[in-house]
Amino acid sequence: MADAELRDAFGAPEILSSEVAYSGLVWDVVRETFRLPESEEPLTRDFVAHPGAVAVVALDADDRIMLIQQYRHPIRARDWEIPAGLLDVSGEPPHLTAARELAEEVDLAAADWHLLADQLSSPGGISETLRIYLARGLSATAEEFDRSGEESGIVPRWVPLSEAKAAVVEGRITNATAVIGILQADLARERGFTGLRPADSPWPARAVHSREPS
């Protein structure tokens, strides 16, 4: 309906079959056959099965955002990102995963947490649901974390939020999660950080895909 609320509609269709078509090192490719009311014949699609993820816009008292640069092999680039990580600990609430990732990647803790944005990374081919948090009231963690692999090469940088926004607008920062987080944080600042959703707000996309409570 034209006057209905503008909102994504989550809900699984009738799934006729589901199998792992390819088992990978980090994630699998799943093949599913399902029915949609608009299609006369069943549809079959392959997609990357992703556990979901969280990311953090860490903003200090001077309105500087913590950005990190690290190597990402699929794109052959060291892109600028915000701290993030997979929802790969069973039973861990997403906002606590975000706090853990902030500590593990940049040795920071935060006293003030809010939900900043939800993201569907590439809904035509990957099941990833990602939630971006705003973390303020920052302090250093009691200990520094050991990092390995690509994370051992992380370059952290405090950047004024206005400069980060300019880098997005000018196409110098292109990581989708960073772009969304930076622009949403800038908008939240313009609004005086009022009206932000609680960090533990329901997460419909994840509840539907993971079959877990939101």
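The model is predicted, so local features need pLDDT of at least 70 and side-chain atom pairs count only at pLDDT 80 or more, while totals for chains, interfaces and linings use all residues. Residues are numbered from 1 along each chain as its sequence is written, and side-chain values use heavy atoms, with hydrogens and water left out.

**Aromatic pair**

A pair of aromatic rings is described by the distance of the centres and the angle of the planes. Rings of Phe, Tyr and Trp (its six-membered ring) pair if their centres lie within 6.5 Å; planes under 30 degrees apart count as stacked, over 60 as edge-to-face and the rest as tilted. Searching the whole structure gives 1 aromatic pair. W113 and Y133 form an edge-to-face pair, with 6.3 Å from centre to centre and 75° between the planes. W113 belongs to strand β8 (residues 108-120) and Y133 to strand β9 (residues 129-140), so the pair ties together parts 20 residues apart in sequence. Strands are DSSP runs of E with at least two residues, helices are runs of H or I with at least four, and both are numbered from the N terminus.

**Accessibility**

Buried means under 20% relative accessible area, exposed over 50%, and partly exposed in between (1.4 Å probe, protein chains only).

| Residue | Relative accessible area | Class |
|---|---|---|
| Q70 | 3% | buried |
| W113 | 18% | buried |
| Y133 | 1% | buried |
| H95 | 25% | partly exposed |
| V26 | 59% | exposed |

Q70 is part of strand β5 (residues 64-72). Contact means heavy atoms within 4.5 Å. Leaving aside residues up to four places away in sequence, Q70 touches A77, R78, D79, E81, E150, E151 and I154.

H95 is located in helix α1 (residues 94-106). Not counting residues up to four places away in sequence, H95 touches Y133, A199 and D200. The C-alpha atoms of H95 and A205 are separated by 15 Å, and these residues are 110 apart along the chain.

**Charge over a ring**

The charged end of R136 sits over the ring of F193, 4.0 Å from the ring centre. This term requires NZ of Lys or CZ of Arg within 6 Å of the ring centre and within 35 degrees of the ring normal.

**Surface patch**

L25, V26 and W27 make a nonpolar surface patch of about 390 Å². V26 lies in the loop between β1 (14-22) and β2 (28-35). Patches are made of residues with over 30% relative accessible area and no salt bridge; like charges are joined within 9 Å and nonpolar side chains (Val, Leu, Ile, Met, Phe, Trp, Tyr) within 5 Å. A salt bridge is a side-chain nitrogen of Lys or Arg within 4 Å of a carboxyl oxygen of Asp or Glu. Accessible areas come from the Shrake-Rupley method with a 1.4 Å probe.
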